[in-house]
Amino acid sequence: MATLATDQRVYNFSAGPAVLPVSVLEQVRDEMLCLPGAGCSLLEMSHRDKRFLEILADAQAGIRELLGVSDDYEVLFLQGGARLQFSMIAANLLRGQDKAAEYMLTGSWSKKAIEEARKEGNVNVTWDGKANQYSQLPTAADYQIPADAPYLYYCSNETIQGVQFQSEPTCPGSVPLICDSSSDFLSRPLDIAKYGMLYACAQKNAGPAGVTVVIMRKDLLAKGSDDLPGYLLYRNHAENDSEWNTPPTFAIYVLGLVTQWLKKQGGLQAIEKQNHEKSQLLYDVIDAFPDFYQGHAKVDCRSKMNVTFKLPSDELQAAFLAEAASQQLQSLKGHRSVGGIRASLYNAMPVAGAAKLADLMRAFAEKNA
Ligand SMILES: *Cc1c(COP(=O)(O)O)cnc(C)c1O
């Protein structure tokens with residue numbers, strides 16, 4: 001039975017929830033009825049059970065180890081997805097301030113973050129990529145951040161447009177840098193010391209839906225007002241080690257297994273190399289057939305996670321998707337807001353999956369160009 005289910009698996013290019021490592025899914029299956037030594041399923045266990053507290057601590061430790069997170073930061077597991085962070089960040093760090101928070105407007109997700117932040121206070125759009133349909137990102141010469149801004153917010157990888165910052169924006173040391181890393185979390189090494197806060201919903205690159213990881217510098221926890229609804233106050237979660245209320249136990253368990261899997265792959269340096277290799281397979285074909293495949297992202301802003309491109313007509317696009325589906329290459333349709341094709345190549349996508357898609361792209365262009 002196990003083999004049958006594994007045999008039926010396709011290459012899944014979904015943008016999220018997305019592909020997970022098979023070995024992680026197998027372990028979840030094996031431990032579903034009874035977590036070893038626990039006498040019951042994790043799904044049936046109190047979040048205050050010693051066994052779950054170990055799982056929570058292991059998941060935190062896995063993230064700390066992979067990213068080199070120091071004791072100056074809390075690692076929190078929250079609910080409400082990345083979108084609740086759009087509101088929580090502004091509610092804790094912007095509400096009641098005169099100064100405007102700085103936001104980089106680089107695509108659909110930062111746009112939505114700005115809409116939520118404006119409900120809490122003043123926002124200055126530091127840079128707006130609209131003139132180029134959000135196909136490129138700013139360089140340090142394109143903007144200036146006031147040294148007294150409450151924070152600078154950016155999205156490291158715009159999942160819908162497929163543009164990715166290759167390094168952090170330049171930000172004065174006095175201004176906390178805040179990053180939505182939802183779709184490239186744990187895809188490459190980072191210097192966390194550069195950040196005031198970095199967060200990611202898990203369901204793109206790190207686990208199942210239901211948990212959002214927040215890595216926050218401890219001095220920022222003091223800022224939120226006690227008038228906020230309790231769930232929205234970061235320090236409530238920090239003071240209670242993510243058990244202020246019942247955390248999403250199952251999602252945290254799977255996230256922890258993914259961090260163990262990443263360590264076995266050789267950590268983030270090794271996984272970054274693989275992510276580079278996978279995305280380059282596709283970009284090489286796009287560059288070989290520039291009149292047939294129109295890549296959305298400017299070359300130096302290309303995402304290693306979400307490769308976005310268009311074909312010359314809607315008919316060819318539909319034919320391409322049908323051909324892909326017949327070859328077990330699934331969920332390649334671009335986001336409804338922008339159309340086209342989007343291939344998401346998260347950590348758990350094998351190189352063989354990207355290679356198979358690249359082969360199809362080459363063959364399809366040769367036949368139809
Ligand atoms: C998916 C995504 C979100 C939204 O996440 P939810 O968990 O659905 O709220 C926000 N930002 C980025 C970059 C994303 O990819």
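## A tour of the sheet and the ligand site

Start with the open sheet of 3 strands, ordered S11-S12-S14 with antiparallel pairing. Strands S11 (294-295) and S14 (341-344) stand at the edges, each with a single partner strand, so one side of each has no neighbour in the sheet. Keep in mind that this is a predicted model.

**Stop 1: the S12 and S14 pair.** Select residues 306-310, which form strand S12. How many bridges join S12 to S14? There are 4, and the two strands run antiparallel. Strands of a sheet pair through backbone hydrogen bonds. Now click Phe309 and find its bridge partner in S14, Ile341.

**Stop 2: the helix across the sheet.** Select residues 267-288 to show helix H8. Helix H8 lies across S11, S12 and S14. Its direction is at about 15° to S12.

Stop 3: Next, colour the shell by residue type.

Stop 4: Zoom in on the ligand's oxygen atoms.

- Thr159: a polar side-chain atom lies 2.4 Å from a ligand oxygen.
- Arg83: a polar backbone atom is 2.9 Å from an oxygen of the ligand.
- Gln203: an N or O atom of the side chain is 2.9 Å from a ligand oxygen.

Finish with a surface view. On its own, the ligand has 390 Å² of accessible area, and the protein covers 88% of that.

Notes
Residues are numbered from 1 along each chain as its sequence is written. This is a predicted model: local features need pLDDT of at least 70, side-chain atom pairs count only at pLDDT 80 or more; totals for chains, interfaces and linings use all residues. Side-chain values use heavy atoms; hydrogens and water are left out. Two strands pair if DSSP finds at least two bridges between them. Contact means heavy atoms within 4.5 Å. Axes are lines fitted to C-alpha atoms, for helices over the stretch in contact, and angles run from 0 to 180 degrees between N-to-C directions. A polar contact is a pair of N or O atoms within 3.5 Å; within protein, one must be able to donate a hydrogen and the other to accept it, and residues adjacent in sequence count only if both atoms are side-chain atoms. Accessible areas come from the Shrake-Rupley method with a 1.4 Å probe; for residues, only the protein chains shown count as cover.
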